[in-house]
Amino acid sequence: MNHLDAFHATVHTAPGGCDSLAPRMGMSAAILRNKACPTNTTNKPTLDDADRLMGITGDFRILEALAANHGFTLARIGDEPSSDMAVLEHVTSIWQRLGDVAGEVHKTLEDGRVEPHEVEAVRASVFRAFPAMMRLIECLDGMAEKRPVSK
């Protein structure tokens, strides 16, 4: 998904859609509807529009699309609960995602040919696994004993 499609999806899946979001974004519903239309050439969403929209909705598909389009993946930090159970949940989530990666690699290799669309499928599954690994690190970091700095 590209960033314009992500903007469109965010606007139209938010509760109340354009009519509800537009006043909170400081524009009319018609302008927001135009900005959300990926084929509109007159009104384009700005970075400020995208930032406000993500802040209002809590939907970060735009940010994820921009990152993916440039070969990056995202991991939210700073709000992970830290407990043994959280660690276990993260580990099992990683196992599940690594299983998905293995499945994509298996499909890629089973016919003896590696095609570009297969590499993209593997890449996408790896990108889905990475944030789970980062959440595990964040959780463990929250559990780490902080030692006072000696002078």
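**Close-up 1. The largest pocket of this predicted model has a volume of about 670 Å³.** Its lining consists of 22 residues, of which Glu64, Ala65, Thr73, Leu74 and Pro131 are the closest to the pocket centre. Two or more lining residues come from each of helix 5 (61-69) and helix 7 (116-143). By residue type, the lining of the largest pocket divides into twelve nonpolar, two polar and eight charged residues.

**Close-up 2. The buried residues of helix 3 are Ala29, Leu32, Lys35 and Ala36.** Around the axis these residues cover an arc of only 125°, and therefore they lie on the same side of helix 3. What covers the buried residues of helix 3 includes helix 1 (3-13), helix 2 (17-25) and helix 4 (47-57).

**Close-up 3. Lys35, placed in helix 3 (residues 29-36), makes a side-chain polar contact with Asp49.** The relative accessibility of Lys35 is 14%, so this lysine counts as buried, the cut-off for that term being under 20%. In the polar contact, the side chain of Lys35 and the side chain of Asp49 are 2.6 Å apart.

How values were computed
Residues numbered from 1 in each chain as written. Predicted model: local features only at pLDDT ≥ 70, side-chain atom pairs only at ≥ 80, totals over all residues. Heavy atoms only, no water. 1 Å grid on protein atoms, 1.4 Å probe; cavity = no way out; pocket = protein on both sides within 12 Å on 5 of 7 lines; lining within 4 Å. Points joined across faces, edges and corners; volume = space filled by probe spheres on them. Helix = DSSP H or I, 4+ residues; strand = E, 2+ residues; numbered from the N terminus. Nonpolar A, V, L, I, M, F, W, Y, C, P; charged D, E, K, R; others polar. Buried < 20%, exposed > 50% of the residue type's maximum accessible area, 1.4 Å probe, protein only. Polar contact = N/O pair within 3.5 Å; in protein donor to acceptor, adjacent residues only side chain to side chain. Arc of directions from axis to C-beta. Contact = heavy atoms within 4.5 Å.
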